[in-house]
Amino acid sequence: MSNAVRVHELGGPEVLRFEPFDPGDPGAGEIRIHQHACGVNYIDTYFRTGLYPSPVGLPFVAGNEGAGEVVAVGPGVTEFSRGDRVAYVSALGGYAEERNLPAALAVRLPASIGWEQAAGMMLKGMTAQYLLRRTHRVAPGETILVQAAAGGVGLILCQWARSLGATVIGTVGSREKAELALAHGAHHAILYRDEDFVARVREITGGRLCDVVYDGVGRATFPASLDCLRPLGLFVSFGNASGPVGPFDLSLLTAKGSLFATRPSLFSYVARREDLVATANELFEVVAGGSVKIPVHHRFPLRDAQRAHRALEGRETTGSIVLLP
Ligand code: NDP
């Protein structure tokens, strides 16, 4: 019998229960993974509170990301065998010592990528890949704004966007976070709890404003994020750390300069196996090449998932958080 962190009723961090959990034998098309590190992501809190409904109902094993080795394969699996090092992002089941996973969701880890690094980067790094390379293809000379730039996705976005030749402006919640964002690719850091970030963006860009705003903060930075965009600029709302953006009148986009807006999700971008593998491979390349480093700043034992969620929601963390089984 192994252990996992399960949610039996929706709520705050206290509903995360570390308890015995037997995933059973892998079914057809599945692999069983002995996990060495599990990623912690903001999306895990959305499933915990019910903001995003669990596709398997209650109870469910929390978590959406992990890295480990294959210890068993189910009928029909040909791509993986025992001993393979793999990582994945998936809907739920991540906070576990052992889990079963559809083999189609797993990617093979290069030998150069460690367990913690993998669990700290698959979801956040593949998100950065699609945001910077597919939602909008960031080009040299462009200026982008990254909200919550010192967070897990934020620090990866800043480094990667800078390596693509963009000027990167990041917003952050404290002076320490500003230092960190600047050390990870941001050219400018704005303390958005103390300063009017729209006025600062206007000042930094000499009134030209940004080509793209990447906003994972949600409610608290909307609609001000739109005011940071040049006419015909792109608003990418990719998360809800402060709560979801509420309904708004589409003509707001007209009034703010014929803006474009999108609300993307990684899961649409990697739904096809070839896209998943290509996205992961591009991430592995930028990490192996050194242009993107994965800052794993927080490690908790798996049994302390509650503490990890409190820290994440309390804005105490920077970079990536992993749970260690
Ligand atoms: P982060 O490490 O970025 O943590 C969230 C950060 O948001 C905090 O550290 C804090 O930084 C900032 N924040 C601003 N307001 C609040 C608030 N009221 N409560 C808590 N935090 C706040 O998390 P992740 O890297 O895991 O995720 C970042 C965002 O990206 C999330 O919104 C997540 O849902 C989204 N995401 C979306 C994906 C997609 O495909 N759509 C995929 C992956 C992530 P500060 O103190 O500097 O303000």
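Because the model is predicted, local features need pLDDT of at least 70 and side-chain atom pairs count only at pLDDT 80 or more, while totals for chains, interfaces and linings use all residues. Residues are numbered from 1 along each chain as its sequence is written, and side-chain values use heavy atoms, with hydrogens and water left out.

## The ligand and its surroundings

Let us start with the ligand, which sits in the largest pocket. A pocket here is an open set of points on a 1 Å grid over the protein atoms alone, where a 1.4 Å probe fits and where protein lies on both sides within 12 Å along at least five of seven lines. A molecule sits in a pocket if more than half of its atoms lie within 2 Å of the pocket's grid points.

Which elements give two or more residues to the shell around the ligand? They are α1, α2 (115-135), α3 (152-163) and α9 (305-313). With three residues, α2 gives the most. Helices and strands are DSSP runs, numbered from the N terminus: a helix is a run of H or I with at least four residues, and a strand is a run of E with at least two.

There are 29 residues around the ligand, and Y130, K177, Y192, G216 and L266 come nearest. A residue counts as near if one of its heavy atoms lies within 4 Å of the molecule. Sorted by class, the shell holds 14 nonpolar, eleven polar and four charged residues. For this sorting, Ala, Val, Leu, Ile, Met, Phe, Trp, Tyr, Cys and Pro count as nonpolar, Asp, Glu, Lys and Arg as charged, and the others, Gly among them, as polar.

A polar backbone atom of Y42 is 3.0 Å from an oxygen atom of the ligand. For F238, a backbone N or O atom lies 2.9 Å from a nitrogen atom of the ligand. P264 has a polar backbone atom 2.9 Å from a ligand nitrogen atom. Taken alone, the ligand exposes 910 Å², and the protein buries 91% of that. Such accessible areas come from the Shrake-Rupley method with a 1.4 Å probe.

## A mostly covered helix

Helix α1 spans residues 42-49, and six of its eight residues are buried. Buried means under 20% relative accessible area, exposed means over 50%, and partly exposed lies in between (1.4 Å probe, protein chains only). The buried residues of α1 are I43, D44, T45, Y46, F47 and R48. After the helix comes G50, whose phi is positive, near 95°.

## Backbone angles to look for

The bond from L58 to P59 is cis, with omega near -10°, and P59 lies in the loop between α1 and β4 (60-61). Another cis bond joins F222 and P223, with omega about 5°; P223 is in the loop between β12 (210-215) and β13 (229-237).

Next, look at phi. A148 is not a glycine, yet its phi is positive, about 55°. A148 belongs to the loop between β9 (143-146) and α3, and it is partly exposed because its relative accessible area is 29%. L209, also a residue other than glycine, has a positive phi near 70°. Its place is in the loop between α5 (197-204) and β12.

Is L209 buried or exposed? L209 counts as buried because its relative accessibility is 9%.

## Pairs along the chain and in space

How far apart in space are residues with a given spacing in sequence? The table lists some C-alpha to C-alpha distances.

| Pair | Apart along the chain | C-alpha distance |
|---|---|---|
| L16 and R6 | ten residues | 5.7 Å |
| G57 and H8 | 49 residues | 9.3 Å |
| F235 and L123 | 112 residues | 21 Å |
| G257 and V71 | 186 residues | 55 Å |

L16 is in strand β2 (residues 16-21) and counts as buried because its relative accessibility is 4%. F235 is found in strand β13, and F235 is likewise buried, at 4%. G57 lies in the loop between α1 and β4 and is partly exposed, at 30% relative accessibility. G257 sits in the loop between α6 (251-255) and β14 (260-262); at 18% relative accessibility, G257 counts as buried.

Definitions and conventions: Polar contact = N/O pair within 3.5 Å; in protein donor to acceptor, adjacent residues only side chain to side chain. 1 Å grid on protein atoms, 1.4 Å probe; cavity = no way out; pocket = protein on both sides within 12 Å on 5 of 7 lines; lining within 4 Å.
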